[in-house]
Structure formats: C-alpha cells, structure tokens
Amino acid sequence: MHGLVFVTWERFLGEKFGSSLLASYRNAIGETAATAPLANRVYEDQMLLAGVGVASQLTRQPVDTLLRGYGHYFISNAITGHLCSYLLSQIHTAKDLLLTMRAAHAQLRRTPDALKPPLFGYEMVSSTSDELILIYDSYRRLCPLLMGAIEGAAARYGEQAHVIERTCMRHGAATCRFEVRFTPLTNGKGNDQLDTRQQERQQMKRELGDLLLQILPDRDGVTLADLQRILQQRRVPQQYLRPYRLLEGLQQLQYVGLISSTVNQPSDDLIHRRYWKAPTVNDHPLAGRNMPQAERLPPTEYPRQTEPHYVIRPLLNLSQNSPAREGRNQAYATDYRPE
Ligand code: HEM
C-alpha cells in the first residue's frame, strides 16, 4: 500500500490521541527514525493492518472505529490536500470527488508501484439529485475506512454526508453498497476554501503540472536538470524553473498517478531520479488482470454518470490543443464513459 496511507495514519494517531500515544505506538511496532514510513514509498498491506491492531489495543478503540476515523482524516487532512492538489483543485463538491475517484484510483493502478486502490461502481439516483449509490469491491474489505472517507469528503467541501451501507462484503454480500446523500452545512466552510491569493497560487501550480505533462517523455524518463534545460529552451518564465517548484509539481503529479519515477529503485537519489508520464489508458497487456468484479464489467453495465469536472485551463503560452493535452484530459474521462 502507498506510503501516503502510512504517513497519514501516524499523523492521525498523533493528532487524535496525542504524541505520547504515538510514541507508544511506534515503540510497540518497533519503528525507529530510520524505519519510519515515507510518503513516496510503497509498503505491505499487512503492516497497516498490524498497526491498526496495535493502535486498537493502545487506545482501547475498536479497529473499525479507528479505520472510520482514519478514512475521514485521510481525505480531509492538509497533507493529502497538498500532495493531491493537482486533482483536488479541480473538484468542488463531495459528490464530484466520489465520482472522480473511480478513474483517479484506476490511474494510480497504471503506475509501476503495484498499487491497488479500489475501483468504485456508481448508480445515479437522478442526474440532478445529491444522492448516489457507491459500490465498493475491494479484496481488502476496508468498508469502515470508506465510510469515513465519504464523511471526510463532505468535511472537505463544507457538506454533511448521510450514508447507509445497504449490503456489506463482510456479511457475505458480493459488494458493499453505500447509499450516499450530501447536504450543504449551513454556514459550512469546507477545508478546501481558499482566498484569492491562494487560488492564484493553486492556479499557477496547475499550469506548471499541465506543462510538465506536456514535456515529460512516455518512457526512460528525464532528470530534474534535463527538465530545467527543456523548460529554459521553451522560454518558460524563470519563476517556474526553480528546483523546489519543479520538484513540488512533479511530486503532485506522481501522487495522483500521472507520472512515475525511479524513486522506489534501489540506486535512486534526487540528482539521478528520472521522471516519465504514466500511461493513461489500459494499453498494457496485463492491465485489468486481477481486477475486482466492478472493474471487469463492460462499461455499458454502468449507468451513465455525470462527466468528470476536469477542466484544462489556459497554459502559459503553449499550444491549447496539443495531442498530449487532449490525451491527458481524456485520462480521467475514459473510465466513466459508456460505449
Ligand atoms: C484525494 C484523492 C485520493 C487519492 C490520491 C487516493 C489514493 C489512494 C491510495 C494511494 C490508496 C492506497 C491503495 C494502495 O496503495 O494500493 C487508497 C486507498 C483507498 N481509497 Fe483512495 N484516494 C483518494 C481519495 C479517495 C476517496 C475520495 C475515497 C472515497 C470516498 C477513497 C477511498 C479509498 C479506500 C476505501 C481505500 C482503501 C483501500 C481499499 O479499499 O482497497 N479514496 N486511495
């Protein structure tokens, strides 16, 4: 499982139960500064499950209560908000976030890190209503975490979630079926609400992300220094060329599965790290193997859904209609569209 899950899990424990509980937890699982999880690595699922068991003993809270609280935290906390901002900055309601996550999770599966986030199915009650049915089918059976994640999505956008789990895999059903309705909170302020300056900064970061996606190759990869050179040749303004800006832009694309890098290879270091675009369609012969049932259904089995709200905004002074850009815009749309 992705390191972001492990890092935010520990943050959740620290913020909810305090730093001495977190220290006891780290001690109990034998974690040292050298073995602490890193957000850009990948770890065994078993490590998280064992950690949740230990935390349950230390806090005297049931495992499922912890998973639900963590799911809420995972979606609403500032680290996820920052690292996943390329995706989150394009979404403005909890319902849209849920509808986007099938395609966004599918994109994460296309990276070489063997990630397996869940692929949701959806049924729309009506195109205008705030209600939807979300179908969850994951071998991990982390439905309490999903329940919390739906609540966290509502918190992110200043909304309230009303969720009923109608069927559950843990009780023998083939899938978990969640009826979800979002209502605005009166005076509700979501934690994604930004002032004008923050919006401008976010816009600039998105433009940089779009630009990097145009430039990065499909294979072999380029280093940070190569990227700087290419951008200079294209006369991209100096403010976009600063290494920390480029690294942040690359990182934010990597967290949503749009690019890959050598970060998880043994010989990796920052100077030699190479970056390339992840494929955005299931064009690999192995793509789709071992997918859960919801993924294997032909697209027509899914009722038509609202289009994802991915808008490509004006991009510096580069061409608006480059094939790279169109392909990227399609990336998230592909999984939604019935034939
Ligand atoms: C904010 C953008 C999001 C990103 C970048 C993201 C990414 C991820 C990643 C990397 C994993 C771990 C899977 C693995 O490593 O194999 C994961 C798991 C999961 N995600 Fe997301 N996610 C996001 C939003 C959501 C939302 C909005 C929901 C539902 C409301 C959700 C539900 C889940 C669940 C339930 C899991 C647990 C794994 C499982 O059930 O198999 N995620 N997600």
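Of the 14 residues of α4, 11 are buried, so this helix is largely enclosed by the rest of the structure. A residue counts as buried if 20 or more other C-beta atoms lie within 10 Å of its own, as exposed if 12 or fewer do, and as partly exposed in between; C-beta atoms are placed from the backbone. The model is predicted: local features need pLDDT of at least 70, side-chain atom pairs count only at pLDDT 80 or more, and totals for chains, interfaces and linings use all residues. Residues are numbered from 1 along each chain as its sequence is written.

Helices (H or I, at least four residues) and strands (E, at least two) are DSSP runs, numbered from the N terminus. Helix α4 covers residues 63-76, and its 14 residues should span 20 Å at 1.5 Å a residue. The end C-alpha atoms of α4 are 20 Å apart, which agrees. The expected span is 1.5 Å times one less than the number of residues. The buried residues of α4 include Leu66, Leu67, Arg68, Tyr70, His72 and Phe74. Their cover includes α1, α3 (45-59), α5 (78-83) and α8. Contact here requires C-beta atoms, placed from the backbone, within 7 Å.

Helix α8 is also largely enclosed by the rest of the structure, because 14 of its 14 residues are buried. The 14 residues of α8 should span 20 Å at 1.5 Å a residue, and the end C-alpha atoms are 20 Å apart, in agreement. Just after α8, glycine 158 takes a positive phi of about 65°. Helix α8 lies across β2 (131-136), β3 and β4, and runs at about 155° to β3. Axes are lines fitted to C-alpha atoms, for helices over the stretch in contact; angles run from 0 to 180 degrees between N-to-C directions.

Four strands form an open sheet in the order β1-β2-β4-β3, with antiparallel pairing. The edge strands, β1 (121-124) and β3 (159-167), each pair on one side only. Neighbouring strands are turned by 25° against each other on average, direction ignored. Two strands pair if DSSP finds at least two bridges between them.

Strands β1 and β2 run antiparallel and are joined by four bridges. They form a hairpin with six residues between them. Across this pair, glutamate 123 stands opposite isoleucine 133, and methionine 124 opposite leucine 132. Six bridges link β2 and β4, again in the antiparallel sense. Tyrosine 136 stands opposite cysteine 176 of β4. Strand β3 pairs with β4 (residues 176-184) over eight antiparallel bridges. There, alanine 161 stands opposite phenylalanine 182 in β4.

The ligand is surrounded by 28 residues, of which the closest are His2, Ser138, Arg140, Leu146 and Ala149. By class, the shell has 22 nonpolar, four polar and two charged residues. Ala, Val, Leu, Ile, Met, Phe, Trp, Tyr, Cys and Pro count as nonpolar, Asp, Glu, Lys and Arg as charged, and the others, Gly among them, as polar.

Key
A residue is near a molecule or strand if its C-beta atom, placed from the backbone, lies within 6 Å of it. Two residues are in contact if their C-beta atoms, placed from the backbone, lie within 7 Å.
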